[in-house]
Amino acid sequence: MGVASAAMTDDEAMARALEEAAAATSHDDVPVGAVVVVDGKVVAARHNEREQRSDPTAHAEVLALRDAATALGSWRLDHATVVVTLEPCPMCAGALWAARVEHLVFGADDPKAGACGSLYNVGADPRLNHEYTVTAGVRRDECARLLQEFFAARRSNDG
């Protein structure tokens, strides 16, 4: 009889999201990574591809949700946890709502565009027909540092 593996922790899932985020820089995309976890296992992992695809909707969260829905054969991801390195924007927070995710975990806050606590709180709006819980700040410093280094390098290349 085999030993069942333990469910993935938020910290472990964020480590995988950080790997995805780092991969985005290879095609000059903002380093944001997202994973979708169901039953303790990653079913989808993606990073931003807006620059690569010339697609304004190619955010890590949207791409990961699409892959998860395909992998699971349903648009309803009601038992899923989405783990993302940066607080989702309004589009991505809406996509999480539309997919009926159960839980969101994010690393760095986004005071300019965050829609899961900073500017808006889409996941906890009782006027909507679905709410999801949010855990903020998992590996916050590491997530923020990756973004800060990316933008600092970009500014130094522009000058």
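Pocket terms first: on a 1 Å grid over the protein atoms alone, I take a pocket to be an open set of points where a 1.4 Å probe fits, with protein on both sides within 12 Å along at least five of seven lines. Lining residues have an atom within 4 Å of a point. Grid points are joined across faces, edges and corners, and a volume is the space filled by probe spheres set on the points.

Ground rules: this is a predicted model, where local features need pLDDT of at least 70, side-chain atom pairs count only at pLDDT 80 or more, and totals for chains, interfaces and linings use all residues. Residues are numbered from 1 along each chain as its sequence is written, and side-chain values use heavy atoms, with hydrogens and water left out.

**Pocket.** I looked up the largest pocket and got about 450 Å³ of space. Its lining has 20 residues, and Val30, Leu86, Asp110, Leu147 and Phe151 lie nearest the centre.

**Fold.** Helices (H or I, at least four residues) and strands (E, at least two) are DSSP runs, numbered from the N terminus. I find five helices and five strands in the protein chain, in the sequence pattern α-β-β-α-α-β-α-β-β-α.

**Sheet.** I count two strands as paired if DSSP finds at least two bridges between them. The five strands make an open sheet, order E2-E1-E3-E4-E5, with mixed pairing. Strand E2 (41-47) and strand E5 (133-136) are at the edges with a single partner strand each, so one side of each has no neighbour in the sheet. For angles I use lines fitted to C-alpha atoms (for helices, over the stretch in contact), from 0 to 180 degrees between N-to-C directions. Neighbouring strands here are turned by 15° against each other on average, direction ignored.

**Pairs.** E1 and E2 run antiparallel, joined by six bridges, and Gly33 stands opposite His47 in E2. Their hairpin has two residues between the strands, and Asp39 takes a positive phi near 55° in it. Strand E1 (residues 33-38) also pairs with strand E3 (residues 80-86), antiparallel over five bridges; Val37 stands opposite Thr81 in E3. H5 packs on the sheet, touching (heavy atoms within 4.5 Å) E3, strand E4 (103-108) and E5. The direction of H5 makes about 60° with that of E4.
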